[in-house]
Protein chains: 2
Amino acid sequence: MRTIEWIDDKNVVKMIDQRRLPHEVVWLDYYSAQEVAQAITTMVIRGAPAIGVAAAMGMALAALESKAESHAELMADLRIAHDVLYAARPTAVNLRWGIEQQLTLAQNLEHESLPQVRAALIAQSKRMADEDVLINQTMGAWGASLLPQKVNVLHHCNTGGLAAVDWGTALGVIRSAHVGGKDIHVWVDETRPRLQGARLTAWELMQWGVPMTLIADNAAGYYMLSGQVDAVLVGADRVAANGDAVNKIGTYKLAAVAKDNNIPFYVVAPTSTVDLRTATGAQIPIEQRDPREVTHPDNDPLGIAPMGVKVGNPAFDITPQRLITAIVTEYGVVYPPFDEGLRKVVEQAEIDRANGRVVNPAVVSG
Amino acid sequence: MRTIEWIDDKNVVKMIDQRRLPHEVVWLDYYSAQEVAQAITTMVIRGAPAIGVAAAMGMALAALESKAESHAELMADLRIAHDVLYAARPTAVNLRWGIEQQLTLAQNLEHESLPQVRAALIAQSKRMADEDVLINQTMGAWGASLLPQKVNVLHHCNTGGLAAVDWGTALGVIRSAHVGGKDIHVWVDETRPRLQGARLTAWELMQWGVPMTLIADNAAGYYMLSGQVDAVLVGADRVAANGDAVNKIGTYKLAAVAKDNNIPFYVVAPTSTVDLRTATGAQIPIEQRDPREVTHPDNDPLGIAPMGVKVGNPAFDITPQRLITAIVTEYGVVYPPFDEGLRKVVEQAEIDRANGRVVNPAVVSG
């Protein structure tokens, strides 16, 4: 099962509706870039790698929709689609990455026929989906190598197959460790306000048969202080050049508490999530979302707070690099000083990608 | 409005049903110790000072219910009530404190008539309620003196009038600061799983006209790291002799994050919450509550997690004394080393109580 898929015979993008999980498994079809942007904004699909691929597929849909009769006209339509998709959510850099890969490709094909450009955009978005799975499994192997044979990990939000095309980032590491025979148990943060941990991570881990216990976010400190957590694993929506990691709200609290207990804190993120153009976390825009996410949890029409209450609802926070033990990428584990290590893996990824490789086997085996 | 009150003409204990707030204001009547214990277990009434008074009133009801014809028979019935009330919730020491005050009084009156003993138990429980308000207002004054003129505080759980008889502990400090003319704004942690912050604290602050913003617990780190919090104020369910504070789950995480940002972290607790018989927090029993509190938030019959998910639900955590800036009691502000300072205020409180005083004016003015 993939979270998002391009269906060839219908030229449609199919996504699982993550808002309906775990109670219902519903698939939705998308025919336009506008619809894909809406799916990202409303969180039908979420997770940095997943929305990167969704945005790339959205660009391919825009090319198909376009009535352009020249390359220049097509580029104009793609730029409109770029803006619509880019505005869907501000924080995860994979969104920008996915759109820009497509725009660059279309630009490079200016001497090809329009049907060829369209076919190339579709092909590239499908390849990005395939590569995402390979990247995640590679990160899974790197990350699992950091964990002892018997291990209790704490996990925030959802970073599983549902947050990517398949397998997952931080949860992919957990899956790789489990499949690789490690004795792993996961403390699953429910992850208010949208409860991706309770709804999605618990569901995935139960499907995979990985031992787990769901907890309120508030309980994470109790388990860390009482010696029941050996490592914290999280994903990221954007990693700045200095290693500051922006991730789901609540991540920074976990990092500070992990530090207070000398528990290793690992960020698992592909190079497409590393943004060398952003120097530090302070420059990353933090999305503020609808107050109703806080006051009206799923299935609660009445709400949990007084009518008219004022609400703050930042969707992400910044974990300073000083609190991060290591960043796991598909090019290996990066340790402090992060600026140097991250530049190295991102530059290698760009060279390899230009040569048609998504993961350098030499680097992986090293 | 008081959270709990003894109604003389009916010999009944009246409580506001805190499970129904903020949507409905419903009062319930209790006629027996057994019913009061049930109200404590099911959280009709909660908050350390409030359940201390409730337990004392429960003992008075037990004396009224008793068919005893001798003092020895009455003591036997009171000891049964003691056990029933003591078992209602394990963590807050005020519960034990309230019951023991009553048991000691009854014991001391062994040469009085049974009607006189019953009347004395009723009178003492009513006096404990009155004194609770005075104690809270005194703590409010001490605590407010710690805050600058313009201040953003972060608050966890509910420690307001609803957690006490009236006024509150940590929220009482906020109320005193507001009434005293300070420019105070409160970040209100929603406090999963039972959402006392969203349901009760938001409601109280809105009634008092104190500026506030409700946030998911996960967002507290975002506001602290971005310089928008000047102090953290919490209550306690039990403070050990060394200063370790047991409080609502999630408190320890806040303390660690406050430390990471050099933000003062204040615990506001009356001397009845300080348990000199317990050396450190590690010896305090942590209540584990029903998994449904996590999986089925209020008004959500469907639930937020997959069917059959395994859940951990500790109701409290331990904040190590090394993370606490000061403990505010009705006898003044106690700074580290806490063991010495706490012993002093508790011993003074015991002397004063034996002399019929609840707060020593000399100490307060000092």
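Biologist: Is Cys157(A) buried or exposed?

Modeller: This is a predicted model, in which local features need pLDDT of at least 70 and side-chain atom pairs count only at pLDDT 80 or more, whereas totals for chains, interfaces and linings use all residues; side-chain values use heavy atoms, with hydrogens and water left out. Residues are numbered from 1 along each chain as its sequence is written, and chains are lettered from A and ligands numbered from 1 in the order in which they are written. Buried means under 20% relative accessible area, exposed over 50% and partly exposed in between, with a 1.4 Å probe and protein chains only. At a relative accessible area of 5%, Cys157(A) is therefore buried.

Biologist: In which loop does Cys157(A) lie?

Modeller: Cys157(A) has a positive phi of about 65° although it is not a glycine. Helices (H or I, at least four residues) and strands (E, at least two) are DSSP runs, numbered from the N terminus. In these terms, Cys157(A) belongs to the loop between strand 4 (150-155) and helix 6 (170-179) of chain A.

Biologist: How many disulfides are found over all chains?

Modeller: A disulfide is a covalent bond between the sulfur atoms of two cysteines. The criterion here is a pair of cysteine sulfur atoms within 2.5 Å. Over all chains, the number of disulfides found in the whole structure is zero.

Biologist: By what turn can chain A be laid on chain B?

Modeller: The superposition is by least squares on the C-alpha atoms of residues with pLDDT of at least 70 in both copies. It gives an RMSD of 0.0 Å and a shift of 0.0 Å along the axis, for a turn of 180°. The two copies are thus related as by a two-fold rotation axis, the turn being 180°.

Biologist: Which residue of chain A comes closest to the rotation axis?

Modeller: The distance is taken at the C-alpha atom and amounts to 2.6 Å. The residue of chain A that comes closest to the axis is Asp300(A).

Biologist: What percentage of the interface residues of chain A are also interface residues in chain B?

Modeller: The copies meet through the same surface.

Biologist: How many of the 10 residues of helix 6 of chain B are buried?

Modeller: Helix 6 of chain B, residues 170-179, is mostly covered. Its covering includes helix 5 (114-144), strand 4 (150-155), strand 5 (183-189), helix 7 (196-208), strand 7 (231-234) and strand 10 (265-268) of chain B. Among the buried residues are Leu171(B), Val173(B), Ile174(B) and Arg175(B). Of the 10 residues, the number buried is eight.

Biologist: Which residue just after helix 6 of chain B takes a positive phi?

Modeller: The phi in question is about 95°. The residue just after helix 6 of chain B is Gly181(B).

Biologist: What is the phi of Trp167(B)?

Modeller: Trp167(B) is found in the loop between strand 4 and helix 6 of chain B. At 14% relative accessibility, Trp167(B) counts as buried. Although Trp167(B) is not a glycine, its phi is positive, at about 75°.

Biologist: At what angle do the axes of helix 3 and helix 5 of chain B cross?

Modeller: Axes are lines fitted to C-alpha atoms, for helices over the stretch in contact, and angles run from 0 to 180 degrees between N-to-C directions. The axes of helix 3 (residues 71-86) and helix 5 of chain B come within 10 Å. Contact, meaning heavy atoms within 4.5 Å, is made by His71(B), Leu74(B) and Leu78(B) of helix 3 and by Leu114(B), Val117(B) and Leu121(B) of helix 5. The crossing angle is roughly 30°.

Biologist: Which residues does Tyr266(A) touch?

Modeller: Tyr266(A) has its place in strand 10 (residues 265-268) of chain A, and at 9% relative accessibility it counts as buried. Residues up to four places away in sequence are not counted. The residues touched by Tyr266(A) are Leu146(A), Ala231(A), Val232(A), Leu233(A), Val234(A), Thr325(A) and Ala326(A).

Biologist: What is the omega of the peptide bond that joins Arg192(A) and Pro193(A)?

Modeller: Pro193(A) has its place in the loop between strand 5 (183-189) and helix 7 (196-208) of chain A. The bond joining Arg192(A) to Pro193(A) is cis, with an omega of about 5°.
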